[in-house]
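Let's take a walk through this protein together, starting with the overall picture and then turning to individual residues and their charged partners. Have the structure open as you read.

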Amino acid sequence: MTRQPTLSLTDIIYRTARYSPEDLQPLVKYTGFDIKGKDLRARSTAEEFDAHIRRVGSNDIASAFRRGDGVPYLEVAYDAAKFVKAPDVKKEWLVEDVEEAVVRKKFGDLLDVMSPDERRALFQSMDIPTININFAALSPALMQVLLQQFGGFATYRFAVIMANIVSRSLLSSGLSFAGNIAVTRTVGTLLGPIGWIATGAWLAVDLAGPAMRKTVPAVLYIAMLRQMLQNRASIGVVGDGSVGKDALIKDVLKTEAQPDPVAGSTFSMTVYPLGSSGTAEIINYPGFNDYSATVNRLTDERLRHTDVFILVVDATRGISGTDVKILENLKQLGGHPILVCLNKWDALRNDADREKILGAARTRLGKELDFIPCSFDPLDGRELPSSGRAEVLQWIFSQLEKLGKQSIVDFMRKELS
C-alpha cells in the first residue's frame, strides 16, 4: 500500500476534534490539559494541546535532562518506546513507526499475561479461525498470525484494543466512539471477562510509575487516533424513502444489501462492512430528515465520524423539501464532503427535463456541491451504458485521498475491482 504522509500531533488533535471533541477527553485526562474556556475544535487549541503534551512528556520520563522544556513529539514517543522496552527502536524512525513499536510491544505484553484459553477467546472474538494455532506459543508467534490475518491494518486493531484496556484501567471506562466499530466484537469481549483479566494484569504490572499513567497511555491513545484517522473510512448514504439508497449501496459498493421496495421500511441505520479488514464501511442513514429530533447517541457518534456523505435524490420527483432538510442536517455536522446523486436519471423523458432537474438541484441544494446523474436499479432491469458507478467511486476515492487516507483508497480499489 502507498505510504501516507505523516500527520503532526496538532493535525491529529485538530482532525479528531473536527469529528467529535469528546474523543479527546481521555487524552485530556491522561495529560491534565486544562480545557476550560477553550474551543477544542479550534486549531489554536490543538496547537496549545500539542505543546502541553510535549511538555508533559518531557517532564514525565526525562525531566532531569530537559529542565521541563517541551521537546518534539517524536522524542516523547521514542522515550515511551524505550520505557516499555520496545525492541530495536531508532530515533531516526518516523513517529508513526515509533508509536507502532509501542503499540505492538504492549499488545505482546497483553498476550504474555493471558492463558492459552484466554488467547483463544481473544482470537475468536476477532473472527480468526483458531484451528491449528498453538495458543501456548510465545507472543511473537501469535502476533505473526495476527499480522498475516490483518496485514497493514493489524496495528489499527492492536491500538484500539490497547487504548480500551488502558482507558478501563485508568479512567474506569472503555472507549465508546466510532473508531471502535471496526473491532466491535473484540472490544466487547475485552470489556467482558477477558477485559477484566487484561485490565487487572495491566494494573498489576504496568502502573508502577507516573510514566505509565501519563506519557505511555497518551502515546498509545495518540497512536490509536492516528490509526483511526488514516486507516479507516466511513461512507454515509442518506436520502428520502424509495430514492434508491440500497440500490446505490449494492451497485457502487458491491455489498450484500438488497434494495427494499417498501417506502419507509427501514427505521435505523444499517452498517455494511467493506471487505474483511474492518477498516472501511458503508452506512445507510434512513430518516435523516428528522435527525435532530430522533437520533440517539450512537448514531450521532457514527455521523460525526463519517468521512463522506452521498445524498441520493429521486430525479423524477424533483428536489423536495425533505431533500433540502436532509442537506441542512448534514451541513450542521460540519465540513464533511457531500455528493448529490441524482438517481433514476434514465426515467426522465428527455435532455430538456434533465437540464431542468440539474439546474433546480444546483439552485436549491447549492452550486458548491458535486452532482452526478445516476441510474441505479434502472427501469425494467435493463442494462445502461453507464449507471454513474465509476463516477461515484472516483468521487469517493478523491475525497478520501484529500483526507490522507491513501491506504484505504488502495484497499477499496482492490476490493471493488
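**A guided look at the fold and its salt bridges**

Of the 417 residues in the protein, 55% are buried (buried means under 20% relative accessible area, exposed over 50%, and partly exposed in between, with a 1.4 Å probe and protein chains only). This is a predicted model, in which local features need pLDDT of at least 70 and side-chain atom pairs count only at pLDDT 80 or more, while totals for chains, interfaces and linings use all residues. Residues are numbered from 1 along each chain as its sequence is written, and side-chain values use heavy atoms, with hydrogens and water left out.

The protein has 18 helices and six strands (DSSP runs numbered from the N terminus: H or I of at least four residues for helices, E of at least two for strands). Among contacts between residues at least 6 apart in sequence, 66% join residues at least 24 apart; contact here means heavy atoms within 4.5 Å. The accessible surface comes to about 18100 Å², and 51% of that belongs to carbon and sulfur atoms (Shrake-Rupley method with a 1.4 Å probe; for residues, only the protein chains shown count as cover).

Now find leucine 74 in helix α4, residues 73–83. Leucine 74 counts as partly exposed because its relative accessibility is 30%. Leaving out residues up to four places away in sequence, leucine 74 touches Lys91, Trp93, Leu94, Val95 and Val98.

Next come the charges. Side chains of opposite charge can pair when their charged atoms come close. The structure holds 16 salt bridges, each a side-chain nitrogen of Lys or Arg within 4 Å of a carboxyl oxygen of Asp or Glu. One of them joins lysine 405 to aspartate 307, with the closest N and O atoms 3.7 Å apart. This pair links distant parts of the chain, 98 residues apart: lysine 405 sits in the loop between α17 (389–402) and α18 (406–416), and aspartate 307 in the loop between α14 (297–304) and β4. Both partners, lysine 405 and aspartate 307, are buried.

Strand β4 (residues 308–314) contains aspartate 314, which is buried because its relative accessible area is 4%. Its salt-bridge partner is arginine 317, at 3.2 Å between the closest N and O atoms; arginine 317 is partly exposed, at 46% relative accessibility.

Finally, glutamate 401 and arginine 413 meet in a salt bridge (3.9 Å, N to O). Glutamate 401 lies in helix α17 and arginine 413 in helix α18, so this pair ties together parts twelve residues apart in sequence. Elsewhere, salt bridges that share partners join Asp240, Asp314, Arg317 and Lys344 into one network.
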